[in-house]
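Please look over the sequence and the structure shown here before reading on. The report that follows moves from the metal site to the overall fold, and then to one helix.

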Amino acid sequence: MLLPEPRGPLSRHLLERLVQPPHDFSSPPPEGDAIGGDDFHLALYLCYELHYRGLPGVSEEWEWHPSVIVLRRSLEADFEEALCTQIPTGPAEDDIAVQLHAVTETECEFSLADYMRFRSTIEEFKEFVVHRSAYQLKEADPHSWVIPRLSGRAKAALVEIQADEYGSGSPERIHARLFADTMESLGLDSEYGAYVNVIPGVSLATVNLMSMLGLNRRWRGAAVGHLAVFEMTSSVPNSKYASGLRRLGADEATEFYDEHVEADAAHEMIAVHDMAAALAEDEPALAGDILFGARALVELDVAFARHLMNSWAAGRSSFYTSHAGEQQVR
Ligand SMILES: [Fe+2]
Ligand SMILES: [Fe+2]
């Protein structure tokens, strides 16, 4: 992995400091689109990566450095405010399982999965995989931050899901490993972070949402709602992605998607009833947050899908492009 190129004042400010030994610095107030901005979400993504696999050439001492945390908190505050403006918040009024199902129905209006199944080219499929690599090479990790923040039924259910995500004891079955195998089958580089430089803010935002909800204890309800909808909206789309790859003759690249068809049909039931509904019953004050996390996922996923399909409809790559020119993965 190489450090990505800066995309504007925020990411430049941060990258210039991170390559130096840890030191105090102050940051300008965030600017740009807090929902999907390229500069904004690259800066936030880099802050979070210090907590996951770290960054190449960047001291591990930066992880908890107060100057980075201050910047991260100000980015999170803007991201959160922007999401709250677009998404209804407040207490849940009905059965949480019923409401979670209602949230997922909006996503069906805009089906990237149908496009990938019936119409995408192999180049578009590779682009889609590259976008998703920002999450799927660390699949399940953001929700694991929530484990010590739960207890009882919801904790047991979350850990049951996560155990499957981490291969149930078999390293070769870790879902992030299966995704790396898919990338390699498609001739892509499966090294962690290999493509951050071309992944736009609208895609990084979907990952930053999970990291923000996972790393802030006060958002534990939202993290649970996010995971519930993630599992609810996985089985059917993944079967479509697998069909799309077979249509394109890439049968050897389908294992990751095939695995999720069955696994996530089971995870959906555990996530909705044993985890999210149980948490709402045990801690009713979190019910509104559970729905917020669910709606935030759908909001950002729809924006992601729209970006890909609009780019391709216009005959363009969906990757981030700097002023220096087009960057594509072929
Ligand atoms: Fe998975
Ligand atoms: Fe799953």
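## The iron site

A residue is called buried when its relative accessible area is under 20%, as calculated with a 1.4 Å probe on protein chains only. In this predicted model, Glu165 and Glu231 are both buried by that criterion.

These two residues also belong to the protein donors of the iron ion (ligand 2), which are Glu165 (OE), Glu231 through two OE entries, Asp264 (OD) and His267 (ND1), at 2.1 to 2.6 Å from the ion. Along the sequence, the donor residues of the iron ion (ligand 2) follow the spacing E-x65-E-x32-D-x2-H. Glu165 lies in helix α8 (residues 152-165), whereas Glu231 lies in helix α11 (residues 220-232), so the pair ties together parts that are 66 residues apart in sequence. The iron ion (ligand 1) is 4.0 Å from the iron ion (ligand 2), and Glu165 coordinates both.

## The overall fold

The secondary structure of the protein chain consists of 14 helices and 0 strands. The radius of gyration of the protein chain is 19 Å, close to the 20 Å that the globule rule gives for 330 residues, so the chain is as compact as a globular protein of that length. Taken along the principal axes, the box filled by the C-alpha atoms is roughly 50 × 50 × 40 Å.

Of the 330 residues in the protein chain, 56% count as buried. When contacts between residues at least 6 apart in sequence are considered, 79% of them join residues at least 24 apart.

## Surface and charge

The protein chain has an accessible surface of about 13,600 Å², and carbon and sulfur atoms account for 51% of that surface. The chain carries 26 positive and 52 negative charges, and the mean positions of these two sets are 2 Å apart.

Which residues of helix α9 (residues 175-185) are buried? They are His175, Ala176, Leu178, Phe179, Ala180, Thr182 and Met183. The cover over the buried residues of α9 includes α6 (122-136), α8 and α13 (255-282); of these, α8 is also the helix in which Glu165 lies.

Just after α9, the backbone at Gly187 adopts a positive phi of about 80 degrees.

Conventions. Residues are numbered from 1 along each chain as its sequence is written. Chains are lettered from A and ligands numbered from 1 in the order in which they are written. This is a predicted model: local features need pLDDT of at least 70, side-chain atom pairs count only at pLDDT 80 or more; totals for chains, interfaces and linings use all residues. Side-chain values use heavy atoms; hydrogens and water are left out. Donors are N, O and S atoms within 2.8 Å of the metal (3.2 Å for Na, K and Ca); water is not among the atoms, so sites may look incomplete. Helices (H or I, at least four residues) and strands (E, at least two) are DSSP runs, numbered from the N terminus. Buried means under 20% relative accessible area, exposed over 50%, partly exposed in between (1.4 Å probe, protein chains only). The radius of gyration is taken over C-alpha atoms; the globule rule is 2.2 Å times the number of residues to the power 0.38. Contact means heavy atoms within 4.5 Å. Accessible areas come from the Shrake-Rupley method with a 1.4 Å probe; for residues, only the protein chains shown count as cover. Lys and Arg count as positive and Asp and Glu as negative; His and the chain ends are not counted. The place of a charge is taken as NZ of Lys, CZ of Arg, CG of Asp or CD of Glu.
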